[in-house]
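Dear colleague,

Please find below the structure I am handing over to you. My findings follow directly after it.

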Amino acid sequence: GGVAYVNSRHGQNQLVSLINDRLPGCVELGRLTLRLAAGQLILTGVELRDPGGRIALSAERLFLDLEWGPLFQRRITISQLDLDNPRLDLYSDVQGDLNLLRVFREADTNPPDAAATGPWSWDIQIGQLHLSKGELQLARGPSWPGIHLEGIDLMVAGHLADRTGNLSLAF
């Protein structure tokens, strides 16, 4: 019953609303499909917007293949993470804060201290991240011409706690 609710339009709207109540920016989602038994989550039409409403990150499709068992050991294991046609539109303000970071925190927020982050000290492992047909726009104010890259293909595998991994990049 719970999976059917999460996969329903009403359930998805409730989930997005719950997330947006906790963010200075907002998340928009076209569709969410949860395949609980397979450990798969598929999101389509994903947009992350900064507090000003500007899209910081979008993707046609985000696919996560998760392993449920490691969650009991405070480990998030993502066997595969695919981003199809992602667009990262980054700009920084005069203080150097990126709009993507402002989706998750207010610009003037101080970083949390170690005691505040202790309970979320999860080990995150990514078996493989594949980004296909990506686009990056980077700007800093009107006087800087910025950077625009298209057709980015990226393959990453790694272990965040150990800060180890492999990277393959083409564009």
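A residue is termed buried when its relative accessible area is under 20%, exposed when that value is over 50%, and partly exposed in between. Please note that the model is a predicted one.

I begin with Ile-152, which is located in strand S8 (residues 147-159). Its relative accessible area is 11%, which is under 20%, and therefore Ile-152 counts as buried. Not counting residues up to four places away in sequence, Ile-152 touches Leu-131, Ser-132, Lys-133, Gly-134, Glu-135, Leu-136, Leu-169, Ala-170 and Phe-171. For one of these, Leu-131, the C-alpha atom is separated from that of Ile-152 by 7.5 Å, while the two residues are 21 apart along the chain.

Strand S7 (residues 123-139) and S6 pair in the parallel sense, with five bridges between them. Strand S6 (residues 87-91) is also joined to strand S4 (residues 55-67), here by two bridges and in an antiparallel arrangement. In that pairing, Arg-87 has Ser-58 opposite.

Ile-19 lies in helix H2 (residues 9-20). With a relative accessible area of 34%, Ile-19 is partly exposed, because this value falls between 20% and 50%. Ile-152, by contrast, is buried at 11%.

Yours sincerely

Definitions and conventions: Residues are numbered from 1 along each chain as its sequence is written. This is a predicted model: local features need pLDDT of at least 70, side-chain atom pairs count only at pLDDT 80 or more; totals for chains, interfaces and linings use all residues. Side-chain values use heavy atoms; hydrogens and water are left out. Helices (H or I, at least four residues) and strands (E, at least two) are DSSP runs, numbered from the N terminus. Buried means under 20% relative accessible area, exposed over 50%, partly exposed in between (1.4 Å probe, protein chains only). Two strands pair if DSSP finds at least two bridges between them. Contact means heavy atoms within 4.5 Å.
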